[in-house]
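Open the model in your viewer and keep the selection tool at hand.

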Amino acid sequence: MYGKSSLPVKILRYLALGIYLVIVVFPLYWMMITSLKPKKDIFGLPIQYWPKQFSFENYENIFQITKFHIYIGNSLIVSLAAAFVVLVIATLSAYVLARYKFKGSRQIMFMFFLTQVIPAFIGFAPLYLMLTKMNLTNTLPGLVIVYTVMCIPFSTIMLQGFFQRVPSSLEEAAQIDGCSRLGALVRVILPVMLPGLSATFIFSFVQNWNELFVSVMLIDSEHLKTIPVAMNSFITKFDVDWGSMSAATVLSVLPTMVLFALCQRLIVEGLTQGAEKG
């Protein structure tokens, strides 16, 4: 049995947590107030930790000099489409790997794990040549395909753990009542796995939303750029437009924050279930 923590230990614990919280939150705070500063105050001395006057010129600027509303739309389309396709494919593949033991199943899982430790850019050259021959470079469908391929291994690994937590007796009972195996999966298993499915979808969406390297390499047209590519354009050879960069970052973070806020309970339940041992 563990005794109650003494007062000094509690004080040190809360102090450490407070310091950690400041370290985590301060960059977000600085980004937000930088986006609300006039350009002349961003590099002004002494440093202003709270703006003397608030200005929305940086937000106005990104919509005036760029097509930021189009970039947001492109990112939403690509991220949502890829995350949905990933969820469908990963659900089916994870179900098969969790429920069936066949020759090569362990090797498949090993390959999925291996993709997580190999840098993605290593295979980009043949991938780019393949997409070029298929006329999918500089297109949103091409970007969706690449994002889907990138997210499937990790999503399959996540969902396999969730499937292993669901008793196979639920499927057997549904099949006795007349359901096919696919019907049992859709009507019985997936509703039970809703937290895990939600967590997988959101992680895929966030990864696609924040991805830069592939989108920079595949997208050239101005009207097809995603938000990370647009934000990268604020960095020039001799200067960085920190005001516009901060405003664009704030706007790009908002959708993911809202998504996490709305689905917080499902995410926590999903991660908790995935961490449990059978």
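Helix axes here are lines fitted to C-alpha atoms over the stretch in contact, and the angles between their N-to-C directions run from 0 to 180 degrees. The model you are viewing is predicted.

**Stop 1: H7 and H10**

Select residues 140-165, helix H7, and residues 194-210, helix H10. Their axes come within 10 Å and cross at roughly 155°. Angles over 145 degrees count as roughly antiparallel, so H7 is roughly antiparallel to H10. The crossing of these two helices is right-handed.

Now show side chains. On H7, pick Tyr147, Met150, Cys151, Ser155, Met158, Leu159 and Phe162. On H10, pick Gly196, Leu197, Ala199, Thr200, Phe203, Ser204, Gln207 and Asn208. These residues make the contact. Colour them by class: nine are nonpolar, six are polar and none is charged.

**Stop 2: the largest pocket**

Which residues lie closest to the centre of the largest pocket? Select Thr115, Ile118, Pro119, Ala120 and Met150. They belong to a lining of 20 residues. The pocket holds about 660 Å³ of space.

H7 gives the largest share, six residues. Colour the lining by class again: 15 nonpolar, four polar and one charged.

**Stop 3: H1 and H13**

Select residues 7-35, helix H1, and residues 242-262, helix H13. Here the axes come within 8 Å and cross at roughly 120°. H1 and H13 are therefore oblique to each other. Their crossing is left-handed.

Show the contact residues. H1 brings Met31, Met32, Thr34 and Ser35. H13 brings Trp242, Gly243, Ser246, Ala247, Thr249 and Val250. By class, the contact has five nonpolar residues, five polar and no charged.

**Stop 4: the second largest pocket**

Keep H1 and H13 on screen. What lines the second largest pocket? Select Trp30, Met31, Thr34, Lys37, Ile42, Phe43, Trp242, Met245, Ser246 and Thr249. H1 and H13 are the elements that give two or more residues to this lining. The largest share, four residues, comes from H13.

About 160 Å³ of space lies in this pocket. Its lining divides into six nonpolar, three polar and one charged.

Notes: Residues numbered from 1 in each chain as written. Predicted model: local features only at pLDDT ≥ 70, side-chain atom pairs only at ≥ 80, totals over all residues. Heavy atoms only, no water. Parallel < 35°, antiparallel > 145°, perpendicular 65-115°, else oblique. Left-handed = near helix turned anticlockwise from the far one by under 90°. Contact = heavy atoms within 4.5 Å. Nonpolar A, V, L, I, M, F, W, Y, C, P; charged D, E, K, R; others polar. 1 Å grid on protein atoms, 1.4 Å probe; cavity = no way out; pocket = protein on both sides within 12 Å on 5 of 7 lines; lining within 4 Å. Points joined across faces, edges and corners; volume = space filled by probe spheres on them.
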